[in-house]
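Please read this briefing alongside the sequence and the 3D view.

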Amino acid sequence: MSKKPPAISLAIQAVGSAKALAEQLGISLQAVSQWKCIPSGRVLAVERVTGVPRHVLRPDIYPAQRERFVELGQSDIHKVQPQ
């Protein structure tokens, strides 16, 4: 049996089991067990049912908020900070 990637393990742990995650997503346990990473089309649903942030589930497609500020550059930060 292969070890699950950390993001999938976190999502499963958050709801108690892979079966519980599958049920809450309305998909089969077999579908969840085949994941090598959380499918991009399921990230927001997994975030909703588990509470695990999308940037933790798929940092490759949802960069963390802090990283996004760095990408913007110092001169652009004032544009996104609350007044």
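This is a predicted model: local features need pLDDT of at least 70, side-chain atom pairs count only at pLDDT 80 or more; totals for chains, interfaces and linings use all residues.

Residues are numbered from 1 along each chain as its sequence is written, and side-chain values use heavy atoms, with hydrogens and water left out. The protein chain has seven helices and zero strands. Helices (H or I, at least four residues) and strands (E, at least two) are DSSP runs, numbered from the N terminus.

**The whole chain**

- Read from the N terminus, the order of elements is α-α-α-α-α-α-α.
- Of the 83 residues in the protein chain, 28% are buried. Buried means under 20% relative accessible area, exposed means over 50%, and partly exposed is in between (1.4 Å probe, protein chains only).
- The protein chain has an accessible surface of about 6000 Å², and carbon and sulfur atoms account for 54% of this surface. Accessible areas come from the Shrake-Rupley method with a 1.4 Å probe; for residues, only the protein chains shown count as cover.
- Among contacts between residues at least 6 apart in sequence, 36% join residues at least 24 apart. Contact means heavy atoms within 4.5 Å.

**Helices H1 and H4**

- Two packed helices are described by the angle between their axes and the distance between the axes.
- Helix H1 (residues 6–15) packs with helix H4 (residues 43–50) at an angle of about 35°, and the axes are 9 Å apart. Axes are lines fitted to C-alpha atoms, for helices over the stretch in contact, and angles run from 0 to 180 degrees between N-to-C directions.
- On the H1 side, Ala11, Ala14 and Val15 meet Val46, Val49 and Thr50 of H4. By class, this contact has five nonpolar, one polar and no charged residues. Ala, Val, Leu, Ile, Met, Phe, Trp, Tyr, Cys and Pro count as nonpolar, Asp, Glu, Lys and Arg as charged, and the others, Gly among them, as polar.
- H4 is largely enclosed by the rest of the structure, because six of its eight residues are buried. These are Val43, Ala45, Val46, Glu47, Val49 and Thr50.
- The cover over the buried residues of H4 includes H1, H2 and helix H5 (54–57).

**Helix H2**

- Ala20, Leu21, Ala22 and Leu25 are the buried residues of H2. They pack against H1, helix H3 (29–34) and H4.

**The nonpolar core**

- The largest nonpolar core has 18 residues, and those with the most contacts inside it are Leu21, Leu25, Trp35, Ile38, Val46 and Leu57. H1, helix H2 (18–25) and H4 each supply at least two residues of this core.
- A nonpolar core is a set of buried Ala, Val, Leu, Ile, Met, Phe, Trp, Tyr and Cys residues joined through side-chain atoms within 4.5 Å.
- Apart from neighbours within four places in sequence, Ile38 is in contact with Ala7, Ile8, Val43, Val46, Leu57 and Arg58.

**Two loop residues**

- Cys37 is in the loop between H3 and H4. Cys37 is partly exposed, with a relative accessible area of 40%.
- Not counting residues up to four places away in sequence, Cys37 touches Ile8 and Arg58.
- Asp60 is in the loop between H5 and helix H6 (65–72). Asp60 counts as exposed, at 54% relative accessibility.
- Asp60 and Ser40 are 20 residues apart along the chain, and their C-alpha atoms are separated by 9.9 Å.
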